[in-house]
Amino acid sequence: MLNPFLLRTEINSVAKKLLKKNFKLDISLISSMEEQRKKLQIQTEKLQHNHNSLSDLIRIEKNLNRKNQKLHNKILKSSEVLNQLKKDLTLLKEKIYNISISIPNIPSDDVPEGNNLSDNKEIKYWGKKRQYNFKVQDHIEIGKKLHQLDWDAAARISGSRFVVMKGNIAFLHRALSQFMLDLHIKKHGYMEVYVPYLVNYEALHGTGQLPKFSNDLFHISSINKKKYALIPTAEVPLTNLFYNKIIDENSLPIMLTAHTPCFRSEASSYGRDSKGLIRLHQFDKVELVQIVKPELSMKALEELTDHAEKVLQLLELPYRKVLLCGGEMGFSAAKTYDLEVWFPSQKKYREVSSCSNMNDFQARRMKARYRNKLKKNNIFVHTLNGSGLAIGRTLAAILENYQCSDGSVKIPKILQKKYMNGIKFIN
């Protein structure tokens with residue numbers, strides 16, 4: 001959530017910046033509620049002070065063994081009014097909080113204006129697109145002809161937007177996750193974490209999926225009536241490891257990675273990419289999360305994005321890096337880079353990783369802070385996350401970019417010996 005101080009003192013500036021995300025802030029509503037809050041707060045504090053003075057007088061009277069009925073009646077009336085004021089103030093604060101958690105993060109100043117993909121800013125291109133002397137097939141056709149991607153079996157078991165992988169494609173899927181984890185742990189310095197795939201609603205509130213994106217989640221009701229949801233990304237459990245924590249300054253930056261399945265109902269993307277590995281209800285991802293000091297978060301975003309890019313470079317997959325415009329950014333993000341890998345069957349780039357700096361937006365919701373030793377105060381950390389990478393989409397890109405004229409698929413060289421037991425082709 002946003003810093004409440006900004007909403008109180010710079011609301012017009014905040015409203016103008018949020019227009020970049022196509023969010024219209026109700027200035028008059030928030031301002032009037034804030035005025036009410038201040039008025040109630042002053043009344044409550046003043047009455048509390050008077051109430052305390054009356055209590056002191058009653059104690060003096062009691063010590064003198066005197067009973068002052070008039071004073072006693074006065075404090076009873078004071079208690080009644082004070083309790084009502086406190087209730088009114090609590091209710092108003094709850095209303096203000098409920099409004100504030102529906103406000104998205106403020107985009108960084110260098111985020112471009114715009115509403116769709118064409119407004120994203122191209123930062124760089126990497127890799128050479130392969131040339132084919134045969135008709136290029138998409139990954140769905142390739143998987144079917146190899147009899148190793150079974151959409152029909154998945155539909156019978158679970159419905160649409162699921163897949164069954166078999167044989168060496170399943171092996172390649174597993175090899176990719178191991179390769180990504182090894183790279184991020186051994187070369188980039190992340191610590192591997194195994195996390196729950198079910199999380200409570202407090203965790204989803206902390207990272208910003210709730211309340212706004214409830215329809216995109218798979219919700220679970222347990223026997224004990226506790227409410228859970230399947231994780232849409234490992235960002236949720238990884239970042240919430242610091243829920244209501246005060247972190248030792250010396251432990252920053254914290255760099256974590258996890259390989260998990262992810263579950264998304266895709267309610268907000270109905271009809272888009274309904275076939276293939278691009279938009280499944282269940283998919284695997286290697287997630288990267290960093291917890292850093294505020295002044296280092298933008299530098300950390302560049303580094304985290306470089307870590308995700310390195311996966312594509314080692315796999316020799318052509319890609320481009322784009323800076324998302326305001327209208328394309330996520331709810332919690334202040335700045336986001338997308339890495340888009342080349343799909344020859346579609347003759348276009350498709351997202352395979354999204355890397356974001358959330359600034360202190362998630363930390364405020366989670367109360368995640370670090371203890372500043374010099375100033376001796378607690379400061380909200382900045383959180384970052386990114387895909388390093390989405391495994392299914394990376395697999396799809398390999399199947400298409402490495403397809404051969406005889407219908408086989410060549411395994412990227414980096415994977416052949418160490419991760420695929422010497423297998424060079426999927427036949």
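Predicted model: local features only at pLDDT ≥ 70, side-chain atom pairs only at ≥ 80, totals over all residues.

User: Why is Leu64 called partly exposed?

Analyst: Its relative accessibility is 48%. Buried means under 20% and exposed means over 50%, with partly exposed in between, so Leu64 counts as partly exposed at 48%. You can find Leu64 in the loop between α3 (27-63) and α4 (69-100).

User: And Leu312, why is that residue called buried?

Analyst: The cut-off for buried is under 20%. Leu312 has 0% relative accessibility, so Leu312 counts as buried. This residue is found in helix α10 (residues 297-314).

User: Which residues does Leu312 touch, leaving out those up to four places away in sequence?

Analyst: Leu312 touches Trp126, Leu317, Tyr319, Leu339, Val341, Val352 and Leu389. Take Leu339 as one of them: Leu312 and Leu339 are 27 residues apart along the chain, and their C-alpha atoms are separated by 9.2 Å.

User: What makes a group of residues a nonpolar core, and where does the largest one get its residues?

Analyst: A core joins buried nonpolar residues through side-chain atoms within 4.5 Å. The largest nonpolar core here has 53 residues, and Leu312 is among those with the most contacts inside it, as are Leu172, Leu176 and Met180. Helix α7 (residues 167-187) gives the largest share, nine residues. Apart from this core lies another, of 17 residues, including Val193, Ile247, Ala258 and Tyr370.

User: How do you know that the buried residues of helix α2 (residues 11-18) are on the same side?

Analyst: The buried residues of α2 are Ile11, Val14, Ala15 and Leu18. They cover an arc of only 100° around the axis, so they sit on the same side of α2. On the other side of this helix, Asn12 and Lys16 are exposed.

User: How many residues does the protein chain have, and what share of them counts as buried?

Analyst: The protein chain has 427 residues, and 50% of them count as buried. The chain holds 13 helices and 18 strands.

Technical notes: Residues numbered from 1 in each chain as written. Heavy atoms only, no water. Buried < 20%, exposed > 50% of the residue type's maximum accessible area, 1.4 Å probe, protein only. Helix = DSSP H or I, 4+ residues; strand = E, 2+ residues; numbered from the N terminus. Arc of directions from axis to C-beta. Contact = heavy atoms within 4.5 Å.
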